[in-house]
Structures are given as C-alpha cells and as structure tokens.
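Subject: Structure handover and notes

Dear colleague,

I am passing on the structure we spoke about, and I would be glad if you could read the notes below with the coordinates open beside you.

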Amino acid sequence: MQQDKQLEGLRAQLLKTKRWPLKYMFKFVMPNDVHTIAEVRALMPTDGVMSYKDSANGKYVAMTCVAMMPSADSIVELTSKAASIPGVMSL
C-alpha cells in the first residue's frame with residue numbers, strides 16, 4: 001500500500017510536466033547480487049546511460065539510469081516493476 005501511494009505521488013508530480021518526452025533519472029538500491037542487478041538492468045531502456053556504485057561494505061549496489069522517457073505512465077510502470085523485485089528499493 002505504501003508503495004502504491006508513492007507511485008501515485010510520483011505520477012502526480014510527473015503529470016505537472018508539460019514537455020514530453022523528457023530525460024528521467026531512475027535510482028535503485030539493491031543487494032549486490034548478479035541476478036538481481038541483471039533483472040533490474042533488463043527493465044531499463046536500452047538507450048539509458050547506466051552507472052553503479054557499491055556500498056562501503058559491498059553488500060549493496062546503487063544503480064542509476066538516465067533515459068529519455070515518453071510519458072509519466074511509462075516512468076511509473078518501470079519504477080513499479082523494478083520495485084517489485086525482492087530486495088530492490090526505488091529512490
């Protein structure tokens with residue numbers, strides 16, 4: 001339920017934007033596990049610019065993807081799919 005509220009808030013903020021498409025920065029934190037990283041990476045737009053940063057102890061990784069997105073709904077849908085992967089947190 002909390003995630004649904006956050007996604008609706010994100011959608012409301014994005015709908016205030018009148019210029020589409022736009023560059024959007026996705027940020028996720030997840031366990032530093034090759035399978036989890038690959039699963040989230042597969043959801044990202046193929047033209048997105050990806051970067052990664054390991055946590056101090058190497059247990060987690062932060063993934064950032066900057067990509068041109070066509071609509072608010074496309075951003076919310078992708079964020080929702082990624083956040084539904086166990087251990088993945090959307091920022």
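Predicted model: local features only at pLDDT ≥ 70, side-chain atom pairs only at ≥ 80, totals over all residues.

I begin with the charged side chains, where the structure holds 3 salt bridges. In one of them the side chains of Arg11 and Glu8 meet, with a distance of 2.7 Å from N to O, and because these two residues are 3 residues apart in helix H1, they are separated by about one helical turn. Arg11 also forms a salt bridge with Asp73, where the closest N and O atoms are 3.0 Å apart. Since Arg11 belongs to helix H1 and Asp73 to helix H3, this pair ties together parts that are 62 residues apart in sequence. Glu8, Arg11 and Asp73 are accordingly linked in a network of salt bridges.

Helix H3 itself covers residues 72–83, and at 1.5 Å a residue its 12 residues should span 16 Å, which agrees with the 16 Å between its end C-alpha atoms. The buried residues of H3 are Ala72, Ser74, Ile75, Val76, Leu78, Thr79, Ala82 and Ala83.

Two of these, Thr79 and Ala83, return in the lining of the largest pocket, in which about 180 Å³ of space lies. The lining also includes Gln3, Gln6, Leu7, Leu10, Val88, Met89, Ser90 and Leu91. The elements that give two or more residues to this lining are helix H1 (2–15), H3 and strand E4 (89–90), and H1 gives the most, with 4 residues. By residue type, the lining divides into 6 nonpolar, 4 polar and no charged residues.

Turning to the aromatic rings, the count comes to 2 aromatic pairs. Tyr24 and Phe26 form an edge-to-face pair, at 4.8 Å centre to centre and with 75 degrees between the planes. The rings of Phe26 and Phe28 have their centres 6.4 Å apart and their planes at 10 degrees, so this pair is stacked. These ring pairs link Tyr24, Phe26 and Phe28 into a cluster. With buried meaning under 20% relative accessible area, Tyr24 counts as buried at 17% and Phe26 counts as buried at 2%, and Phe28 is buried too.

Finally, which residues does a cis peptide bond join? They are Trp20 and Pro21, and omega is about 0 degrees. Pro21 has its place in the loop between H1 and strand E1 (22–31).

With best wishes

How values were computed:
Residues numbered from 1 in each chain as written. Heavy atoms only, no water. Expected span 1.5 Å × (residues − 1). Buried < 20%, exposed > 50% of the residue type's maximum accessible area, 1.4 Å probe, protein only. 1 Å grid on protein atoms, 1.4 Å probe; cavity = no way out; pocket = protein on both sides within 12 Å on 5 of 7 lines; lining within 4 Å. Points joined across faces, edges and corners; volume = space filled by probe spheres on them. Nonpolar A, V, L, I, M, F, W, Y, C, P; charged D, E, K, R; others polar. Phe/Tyr/Trp six-rings, centres within 6.5 Å; stacked < 30°, edge-to-face > 60°. Salt bridge = Lys/Arg side-chain N within 4 Å of Asp/Glu carboxyl O.
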